[in-house]
Amino acid sequence: MEHSPPPFFRTGPTPLARLLIFSALSLAFLIADARFHYLVDLRQVAQVIVYPFQRIAAAPIGIAQRIGEFFVTHSSLREDNARLAQENFANAAALSQMKALQAENAQLRQLLDARERLGLAASTAEVLYSARDPFSRKVVVDRGSQHGVEAGQAVVDDRGVIGQVTRAYPWLAEVTLVTDKGHFVPVQNLRNGLRAVLAGTGNDGALELRFIPLNADFQNGDQLVTSGIDGVYPQGVPVAQVSHVERNAAQLFARITCTPLAGVANYNHVLIVQGKRELPRPPVEEPKTPRQRKARKG
Amino acid sequence: MVDTRIAPHEILLPVRAGFIALTLIAAFLANLLPWSGAGLWIKPDFVALIVLYWCIEQPRRVGFGAAWLLGLFMDVADGTLFGQHALAYSILAYAGLVLHRRVLGFTGTAQVVHVVVLLLMNDLIVLVIRMLAGADFPGFQYFVGSFVAGALWLPLGALLKLPQQPKSDPYHA
């Protein structure tokens, strides 16, 4: 006892002891999260604490956008207007055609006694920021489980698939982009209906088709749409365009590089597709879709 | 002969706890700003920088608790593996606490060199964890932020010491 310091000098455990305690705790968290996917609740709680900071930090970009919108010039507005009118005109024709096709489709489905495809409910969300993690491609959007967003839902924009909700917090959701390494989308070639799996590469603006035989019919400029067989992505949404095909006889598979069609790297609004689809669907549905899509496009 | 590499010891007012908390929150917010593209590479890890600063300047006030908690919050905000920043910041805090007398003994460039090495170590820990978890090496630009943080070290030190400057004439202020 006579060797212990007076209370004035007592500072608790030594730095090394504290380092060991905190490191062990961190490592336990890391392993629990990476291997066993525990700690979901803890993450939710921490997210609620972090949420106000995230909103505050994301505010400047919103303010800057609003200021930018205020100073839009008259000529650019007129240009936009003319372009939109033209687009609207073109779309109206396609839309009327699609309505006819939809009616026909519904009738055929009833005739075939097939289950009707569920109408896809979608909610609009705003991209708050892209995650500042150089190892992954993710964005955070301002809709969460309070708005009915769940992990696994597909996220699209006006041009195509953006990605998939991977974590839903109460007021925010994390969307893993299609370009993320380890993200896969089942796709179909619009030209000939060939099915394939499109994988992200971790680079913005590059996707690749995996495990495609050398003689498979993929060409530059082919449009890839979701095949819908995963039950996550709705059927027939554009995903990417083939940009480079490399066939090397020394390799087992062809190297097919694609560019995403959606504004994957942009800050804007996205649609979260909330329609739940039940998976084991009757196999009769499958072969019809590519032909319909073709007709719709042409 | 006076050795100019040794820092002259100034007499400063004590730091307020509220000020420390404010700088840590500001650093957290700075990290949460929507950085993208080249800005993401250049951006220093503000939380690591400020945690290291306070661990070196005020080792009795700021330490493992703050570093670890901020690390967890960073992991949640970034959606990364839970605990990777917590581990890196804890080790950074340890290095700061152990080396604080040594670092404060130097001035100018010598101090910056110490800081850059410590922040690079912080980056390296996160990198190793991510590569163990299956990520690819993101390229050497990943380390640029730490050098930017080193460049910010001296201006930041001057800025954060401003509230501690004694009043020139305390009796007739």
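Predicted model: local features only at pLDDT ≥ 70, side-chain atom pairs only at ≥ 80, totals over all residues.
Figure 1. Of the contacts in chain A with a separation of 6 or more, 59% are between residues 24 or more positions apart. The chain contains 12 strands and four helices. Among its 298 residues, 28% count as buried.

**Figure 2. The barrel of chain A is closed by six strands.** Their order is β1-β2-β5-β4-β3-β12, and they pair in antiparallel fashion. From one strand to the next, the twist averages 45°.

**Figure 3. Strand β1 of chain A is joined to strand β12 of chain A.** Strands of a sheet pair through backbone hydrogen bonds, in either a parallel or an antiparallel arrangement. Here β1 (residues 122–130) and β12 (residues 269–273) of chain A run antiparallel, with five bridges between them. In one part of this view, Glu126(A) has His269(A) in β12(A) as its bridge partner.

**Figure 4. Helices α3 and α5 of chain B cross at roughly 45°.** Two packed helices are described by the distance between their axes and the angle between them. The axes of α3 (residues 46–57) and α5 (residues 84–105) of chain B come within 7 Å. Angles between 35 and 65 degrees count as oblique, and α3(B) and α5(B) are therefore oblique to each other. Their crossing is right-handed.

**Figure 5. Residues where α3(B) meets α5(B).** From α3(B) come Ala48(B), Val51(B), Leu52(B), Cys55(B) and Ile56(B). On the α5(B) side they meet Tyr89(B), Leu92(B), Ala93(B), Gly96(B), Leu97(B), His100(B), Val103(B) and Leu104(B). The residues of this contact comprise 11 nonpolar and two polar, with no charged ones.

Key. Residues numbered from 1 in each chain as written. Chains lettered and ligands numbered in written order. Axes fitted to C-alpha atoms, helices over the stretch in contact; angles between N-to-C directions. Helix = DSSP H or I, 4+ residues; strand = E, 2+ residues; numbered from the N terminus. Parallel < 35°, antiparallel > 145°, perpendicular 65-115°, else oblique. Left-handed = near helix turned anticlockwise from the far one by under 90°. Contact = placed C-beta atoms within 7 Å. Nonpolar A, V, L, I, M, F, W, Y, C, P; charged D, E, K, R; others polar. Buried ≥ 20, exposed ≤ 12 C-beta atoms within 10 Å, placed from the backbone. Pairing = 2+ DSSP bridges.
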